[in-house]
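I opened my notebook for this one with a simple plan: look things up, write them down, keep it brief. Here is what went onto the page.

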Amino acid sequence: MFTKRKFPSTRLRRLRSKPFIRDLVRENVLSGDDLIQPLFIKEDLKGTEAITQMPGISRFGLDSIENEIEELANLGIKSIALFPVINPDKKDEFGTEAINQNNLICNAIKKIKNVVPEIIIISDVALDPYTNHGHDGILIDGYVENDKTLDQLVKQSLALAESGADIIAPSDMMDGRIKLIRNALEEQDFKNIILLSYAAKYNSKFYGPFRSAVGSSSNLGKSTKAEYQMDVANSSEALHEVALDISEGADIVMVKPGMPYLDIISKVKETFNVPTFAYQVSGEYSMLKSAIENKWLEPEVMSESLLCFKRAGADAVLTYAAKEIIMELNK
Ligand code: PBG
């Protein structure tokens, strides 16, 4: 005997029943247009050098970077973010090498623009790859001095703009830097240089592999960046940071790290409706990648995590996996 049951009239599984209908109702897609490839460039290096803490990722010498850029551009990557690995003997207390118009990154920008002029170059503004203490600013009596650091960041930004960077990306979390950099760029007639602010950047342990990659972790030692990067526990404060950076002249804002911070991305996008990027940082990448290499996770977890950034509201994602993912998407 059948018992008479009332079936639901709404069956959400109907729209999941066949691949084509799933395609038709899908709300978000990941495409090559969403991916930004971060690249490490090492001074005096010939060829490439694998980064132990980041499986599949290498540092490039100035002699090998052009090839890589051409490959990325041919695959459809539209933007790269450059990070320098500076000779230890060029690092000092003030990060002086950062404002040298002839430094590694300025030369790399010129080289890259020579071979692929249309690729959008994002250049980081912060002193940590250049300081012998590994902090993002100028240390005075053990404290990173905000306003003295700003002078240096403005000079660094102008050197990068002069070299041909399209996007200047301050990642240092000093107060007031967007306004000063924006003013300096306007004064020097760099009207179309885009400011991508690392607006909500947290004091995260997920940056570990990056610090090894640029050689700043041993300089930093046991010291932390808690006095300038945001407290991991805070969320309203991220909106305050973003509001300030927009009012100071940022064109794009960024949330960093990414995956454990999707709530922040979502709030920022909903609150401000401005272009919002996310950074899937080194620790997130290495975590997924090492699990994939060990066959504990399937390779698709990488593109799944990137699609989730889009769902949360990110317009583009900086990810070390950009190259391999765009190769997958092109298939
Ligand atoms: C430096 C900077 C960091 C990252 C990007 N720019 C590290 C830090 O703040 O210590 C981290 C990127 C990553 O982990 O992939 N200002």
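**Entry 1: around H135**

I started with H135 and listed its contacts, leaving aside neighbours within four places in sequence: L127, D128, V144, L220, S223, T224, K225 and Y228. A reminder to myself is that this is a predicted model. I placed H135 in the loop between β5 (120–125) and β6 (138–140). Is H135 buried or exposed? Its relative accessible area is 5%, so H135 counts as buried. I also checked a C-alpha separation: H135 and V214 are 79 residues apart along the chain, and 13 Å lies between them.

**Entry 2: R211**

Next I looked up R211, which belongs to helix α6 (residues 208–214). R211 is buried, yet I found no salt bridge for it. The nearest side chain of opposite charge is D128, 6.0 Å away, and a salt bridge would need a nitrogen within 4 Å of a carboxyl oxygen. Not counting residues up to four places away in sequence, R211 touches S204, S216, S217, L220, K225 and Q229. D128, L220 and K225 had already turned up in my H135 list.

**Entry 3: salt bridges**

How many salt bridges does the structure hold? I noted 19. One of them joins the side chains of D34 and K310, at 3.1 Å from N to O. D34 sits in the loop between α1 (19–25) and β1 (35–42) and K310 in helix α11 (residues 301–312), so this pair ties together parts 276 residues apart in sequence. D34 is buried at 7% relative accessible area, and K310 counts as buried at 18%.

I then turned to E71 and K323, whose closest N and O atoms are 2.7 Å apart in a salt bridge. Here helix α2 (residues 65–75) supplies E71 and helix α12 (residues 322–330) supplies K323, a link between distant parts of the chain, 252 residues apart. E71 is partly exposed, with 40% relative accessible area.

R177 and D172 form another salt bridge, with 3.1 Å between the closest N and O atoms. For R177 I wrote down 2% relative accessibility, which counts as buried; D172 is buried too, at 0%. I also logged a salt-bridge network that links K42, E49 and R59.

**Entry 4: aromatic rings**

There are nine aromatic pairs in the structure. I picked F83 and Y279, a tilted pair with 6.5 Å centre to centre and 40° between the planes. F83 is in strand β4 (residues 79–85) and Y279 in strand β11 (residues 276–280), so the pair ties together parts that are 196 residues apart in sequence. Both F83 and Y279 are buried.

Which charged ends sit over the ring of Y207? K201 has its charged end 5.4 Å from the ring centre, and K256 lies over the face of Y207 at 4.7 Å.

**Entry 5: the whole protein**

Last, I stepped back. I counted 12 helices and 12 strands. The radius of gyration is 21 Å, close to the 20 Å from the globule rule for 331 residues, so the protein is as compact as a globular protein of that length. Along the principal axes, the C-alpha atoms fill a box of roughly 85 × 40 × 40 Å. Of the 331 residues, 53% count as buried. Among contacts between residues at least 6 apart in sequence, 75% join residues at least 24 apart.

Terms used. Residues numbered from 1 in each chain as written. Predicted model: local features only at pLDDT ≥ 70, side-chain atom pairs only at ≥ 80, totals over all residues. Heavy atoms only, no water. Helix = DSSP H or I, 4+ residues; strand = E, 2+ residues; numbered from the N terminus. Buried < 20%, exposed > 50% of the residue type's maximum accessible area, 1.4 Å probe, protein only. Lys, Arg positive; Asp, Glu negative; His and termini not counted. Contact = heavy atoms within 4.5 Å. Phe/Tyr/Trp six-rings, centres within 6.5 Å; stacked < 30°, edge-to-face > 60°. Lys NZ or Arg CZ within 6 Å of the ring centre and 35° of its normal. Rg over C-alpha atoms; globule rule 2.2 N^0.38 Å.
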